[in-house]
Structure formats: structure tokens, C-alpha cells
Amino acid sequence: MVTGGVQQPSGATRPHPSDLAAGPISAGLAADLHALTRAVAVVTTEPRWRDTVRLRLRPVRRDFAEHVRVTEGSAGLYRELLTHSPRLDHGIRLLTREHAAIVAAILAVQRVAERPEASPDELRHFTGHLLGALARHRRRGANLLWQAYQTDLGGET
């Protein structure tokens with residue numbers, strides 16, 4: 001026996017949040033971040049340590065550029081979310097601003113890694129800043145998706 005109101009499905013076909021793997025942070029980017037973290041953690045007496053860090057940073061930069069394209073593009077996730085949930089405008093603007101800050105953090109890590117006189121601690125500091133920014137961005141993106149789809153999944157009555 002069902003009591004209370006029955007929620008009707010929306011007229012628009014909207015993907016389930018689990019179908020949005022390329023949305024918040026892709027699995028490829030997560031693996032590349034793990035590889036970068038391991039590269040920065042290596043003992044600095046290893047020859048070519050900086051080269052390894054720069055090498056591990058390249059796919060992070062590439063994957064994040066793809067993330068920005070998938071979310072901000074003309075047919076991107078953010079545009080779709082705004083179409084169905086205009087109330088998320090503030091959160092989407094915040095995530096978009098974070099994209100620029102994260103790109104700047106990626107470039108900062110690259111610049112430090114290219115400077116032979118930069119200390120390993122300085123490189124680790126900038127990399128830690130990048131990793132923290134990406135972790136916060138991932139949480140905010142996941143929260144935004146939850147807010148967007150909670151009604152369709154029965155979170156609100």
C-alpha cells in the first residue's frame with residue numbers, strides 16, 4: 001500500500017548520476033593523480049626525479065582539459081544541468097571559476113618542476129596545493145550532481 005504523494009517522472013530524459021563518469025572527475029584523471037602523487041613522493045636522490053614528475057603531470061593536464069570541455073562545452077554537463085535545474089547557477093559558476101584556478105595550479109607545478117634550483121619541498125608544496133584543489137572540486141561537483149538529481153531519485157517530497 002502506498003501512502004502519500006507519488007512522484008511523477010519528469011518529462012525530460014535525464015541521465016542517472018552514475019552515467020556521468022566524465023562529469024565531476026573521470027576515472028582516468030583519478031589514476032593520473034595517483035601516479036603524480038607517487039612520483040612526487042619518491043626519494044629526491046633518484047636521478048630524473050623532476051622529469052618523472054613532469055611526465056606524470058602531462059596526463060593530469062590533458063585529462064583536466066577534457067573534464068573542462070565535457071562540463072563547460074556548448075553541449076556540456078553544466079549547460080544541461082542549468083536547463084533542468086536553474087537553481088544550480090551559483091554552484092556551476094563556482095565550479096567554472098575553480099577550473100581556471102586548477103589550470104593555474106597545474107601550470108605552477110609544471111613551472112616549479114622545470115626549475116632545477118627549486119627544492120623538492122617546494123615542488124611537493126605546489127603539487128599538494130593542486131591535489132587539494134582537485135579534491136575540493138571533485139566534492140563540490142559530486143554535491144552539485146546530488147542536488148540536481150535528488151528530486152528525480154526521490155530525495156525530495
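Colleague: Which residues of helix 3 meet helix 5?
Modeller: L77, Y78, E80 and L81 in helix 3 meet H137, L144, L145, A148 and Y149 in helix 5. Contact means heavy atoms within 4.5 Å. This is a predicted model: local features need pLDDT of at least 70, side-chain atom pairs count only at pLDDT 80 or more, and totals for chains, interfaces and linings use all residues. Residues are numbered from 1 along each chain as its sequence is written, and side-chain values use heavy atoms, with hydrogens and water left out.

Colleague: How many of those contact residues are nonpolar, polar or charged?
Modeller: The contact of helix 3 with helix 5 has 7 nonpolar, 1 polar and 1 charged. Ala, Val, Leu, Ile, Met, Phe, Trp, Tyr, Cys and Pro count as nonpolar, Asp, Glu, Lys and Arg as charged, and the others, Gly among them, as polar.

Colleague: At what angle do helix 3 and helix 5 pack?
Modeller: About 35 degrees, with the axes 10 Å apart. Axes are lines fitted to C-alpha atoms over the stretch in contact, and angles run from 0 to 180 degrees between N-to-C directions.

Colleague: Back to helix 3. Which residues are buried there?
Modeller: L77, Y78 and L81, in a helix that spans residues 77-84. Buried means under 20% relative accessible area, exposed over 50%, partly exposed in between (1.4 Å probe, protein chains only). Helices are DSSP runs (H or I, at least four residues), numbered from the N terminus.

Colleague: Why do they line one face?
Modeller: Seen down the axis of helix 3, the buried residues fall within an arc of 95 degrees, so they line one face. The arc is that of the directions from the helix axis to the C-beta atoms.

Colleague: What sits on the face turned away?
Modeller: R79 and T83, both exposed.

Colleague: And what do the buried residues of helix 3 pack against?
Modeller: Helix 2, helix 4 and helix 5.

Colleague: New topic. In the largest nonpolar core, which residues touch the most other members?
Modeller: V53 and L130, out of 22 residues. Helix 1, helix 2, helix 4 and helix 5 each supply at least two residues. Apart from that core lies another, of 10 residues, L81 and L144 among them. A nonpolar core is a set of buried Ala, Val, Leu, Ile, Met, Phe, Trp, Tyr and Cys residues joined through side-chain atoms within 4.5 Å.

Colleague: What does L130 touch?
Modeller: L36, L57, I102, A105, I106 and V109, leaving out residues up to four places away in sequence.
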